[in-house]
Amino acid sequence: MEQVLVRASRVYEVIIGEGVLSELGLRAAALLRGRRAVIVTDSNVGPLYARRTEETLRDAGFAVTTFTFPAGEASKNPGTLLELLTFFAKQELTREDVVIALGGGVTGDLAGLAASLYLRGVPCIQVPTSLLAMVDSSVGGKTAVDLPEGKNLVGTFTQPYLVLCDITTLDTLPKEVFEEGMAEVIKYGMIRSKELLELLLTDDAERKRERVIAQCVRLKRDVVAEDEQDFGERQILNFGHTLGHAIEREMNYKLFHGDCVAIGMAIMTRALVRDGRCPESCEKILEKLLKKYKLPNSTELPSERILAAARADKKRRGEKITLIEPKTLGNCVLVKTDFAELARLLELGR
Ligand SMILES: NC(=O)c1ccc[n+]([C@@H]2O[C@H](COP(=O)([O-])OP(=O)(O)OC[C@H]3O[C@@H](n4cnc5c(N)ncnc54)[C@H](O)[C@@H]3O)[C@@H](O)[C@H]2O)c1
Ligand SMILES: [Zn+2]
């Protein structure tokens, strides 16, 4: 078992290990005064893990109810949010009680947002069950739902009270969902950790998942501690995402997020190597890792369409964009630039 302490506007633990789900009840009881819990989960994860989650909470004295919504990003919307808030009201949830987010990033974002809004804030415990949710979305306090106009446009920064990653839940995660999550794992290595890159290269990430997840959580923890509200340094986590998000939108979300991020990282790294601004080793290792973990490194989409989608990004700040550029192995930097430079790099890196 690995434990990581996050020191943000709330101090909380991230526990990573086999079978830690069975500790949820006792850990929650130690943290909270209330004894009512609402589990929020989706239609895939609920049938697999809701019963065990209910049991551990009941054994620790909680009265438990479960809210299940249809799995998928399409549910991460204001309609489901309102249904969930109404469910909280019917359960007479108080600020001493707890919301348990049991599932992937969609569940974590939706339940986290609902918990942060209801009564101006009910405690939330994240129990991530996808690789992406374990290494990324459950830690750091960003919560959100989508609008038809764009993803994650409505949300808050609200840190959880505890994050419990039971890595045995990954056994039921569809293989392709695990694989796309690996793009974010590789991203952490590229932005902050040569050691992680070496581990991913020399060993199998799935076999070493406890260690790999813990390393990613530590890296995210450090970035979040520097810039909790995403005004500067936290943007480093967007490596591969400027182009990745644009590709994702242009493909109408038919390509996995992780695949798009992998392509974004590959294009940017190749461009900077060709520009003489980054050592070739960065490209070599990234390409090796993408191949090893079955992730793509290029797209057929025309550059104009990718650039147009990047320009249309609702969360862009004015004409300037911040690019995340690999400098050396395990080290990226933030560079403020404009669209002309993005267009040049995109051509150079294809
Ligand atoms: N808050 C943040 O900081 C942050 C960061 C990155 C991504 N996100 C958000 O996370 C979401 C993507 O997360 P995701 O990839 O986990 O998506 P997801 O929650 O939709 O999960 C992917 C699929 O796997 C299934 N699943 C999850 N765990 C399972 C398990 N153990 N066994 C079987 N099936 C399982 C889900 O039902 C779903 O079908 C996006 O909405 C994204 O915006 C948020
Ligand atoms: Zn991402």
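Predicted model: local features only at pLDDT ≥ 70, side-chain atom pairs only at ≥ 80, totals over all residues.
Still on α2, I asked which of its residues are buried. I found V45, G46, Y49, A50, T53, E54, T56 and L57. Next I looked up what covers them, and the cover includes α1 (24-31) along with the strands β3 (36-42), β4 (63-69) and β5 (98-103). Just past the end of α2, I came across G61 with a positive phi of about 100°.

Then I moved on to a helix pair. Helix α6 (residues 175-192) packs against helix α8 (residues 209-226) at an angle of about 55°, and I have their axes 10 Å apart. I put the crossing of the two down as left-handed. Which residues meet there? From α6 I listed V185, Y188 and R192, and from α8 V212, C216, L219, K220, V223 and E226. Sorting this contact by class, I got 6 nonpolar, no polar and 3 charged residues.

My last stop was helix α9, residues 241-250, where I noted H241, L243, G244, A246, I247 and E248 as buried. I checked what these buried residues pack against: strand β8 (150-157), and the helices α6, α10 (257-274), α12 (303-311) and α13 (339-349). Just after α9, I saw N252 take a positive phi of about 55°.

Conventions
Residues numbered from 1 in each chain as written. Chains lettered and ligands numbered in written order. Heavy atoms only, no water. Buried < 20%, exposed > 50% of the residue type's maximum accessible area, 1.4 Å probe, protein only. Helix = DSSP H or I, 4+ residues; strand = E, 2+ residues; numbered from the N terminus. Contact = heavy atoms within 4.5 Å. Axes fitted to C-alpha atoms, helices over the stretch in contact; angles between N-to-C directions. Left-handed = near helix turned anticlockwise from the far one by under 90°. Nonpolar A, V, L, I, M, F, W, Y, C, P; charged D, E, K, R; others polar.
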